[in-house]
Amino acid sequence: MKRLFLLNNAKGFTLVEVFVAMLVFLLGFLPLLRLGVASIQGNIYAQQLTRATTLAEAKMERLLAMEYTDLINETPVAKLVDGYTVDWAQAQTVPNTTTITVSVSWTDQGGTAHGISMSSIKGD
């Protein structure tokens with residue numbers, strides 16, 4: 001029968017040491033993972049905001065390019081464009097001028113509503 005001898009200078013890691021090392025690694029890695037998720041969410045919102053701003057600018061440019069009398073007689077109609085609602089309104093507070101307000105709204109995948117608006121004044 002063979003005898004097993006335990007060596008006092010045995011090299012290697014115990015299972016407990018490996019688990020502790022993995023725990024320390026995970027505790028350091030989780031904040032980086034959360035940072036990555038927050039970065040992706042921020043990029044998605046920035047993309048949506050850029051799209052909404054582009055739609056609002058395009059609508060505003062079309063309205064400002066119209067003749068003043070045609071603009072006054074135009075009836076505002078909201079349109080749905082790629083999941084964004086583009087709406088506009090006008091108000092005549094000063095004679096021979098009108099204030100045009102374009103609003104774009106959308107709902108993100110989480111169900112949160114967002115929106116932007118811009119205004120401009122057009123004269124006769």
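**View 1. Phe-25 is an exposed residue of helix H1.** Phe-25 has a relative accessible area of 55%, so it counts as exposed (over 50%; buried is under 20%, and partly exposed lies in between, with a 1.4 Å probe and protein chains only). Its helix, H1, covers residues 15-65; helices (H or I, at least four residues) and strands (E, at least two) are DSSP runs numbered from the N terminus. This is a predicted model, in which local features need pLDDT of at least 70 and side-chain atom pairs count only at pLDDT 80 or more, while totals for chains, interfaces and linings use all residues. Residues are numbered from 1 along each chain as its sequence is written, and side-chain values use heavy atoms, leaving out hydrogens and water.

**View 2. Four strands form an open, antiparallel sheet.** The order to follow is S1-S2-S3-S4, where two strands pair if DSSP finds at least two bridges between them. S1 (79-81) and S4 (113-123) are the edge strands; each has a single partner, so one side of each is left without a neighbour in the sheet.

**View 3. Strands S3 and S4 pair in the antiparallel sense.** Eleven bridges join S3 (residues 97-107) to S4. For a handy landmark, look for Thr-98, which stands opposite Lys-122 in S4.

**View 4. The largest nonpolar core has 14 residues.** Such a core is a set of buried Ala, Val, Leu, Ile, Met, Phe, Trp, Tyr and Cys residues joined through side-chain atoms within 4.5 Å. Ile-100, Val-102 and Val-104 have the most contacts inside this core. H1, S2 (84-91) and S3 each supply at least two of its residues, and H1 gives the most, with five.
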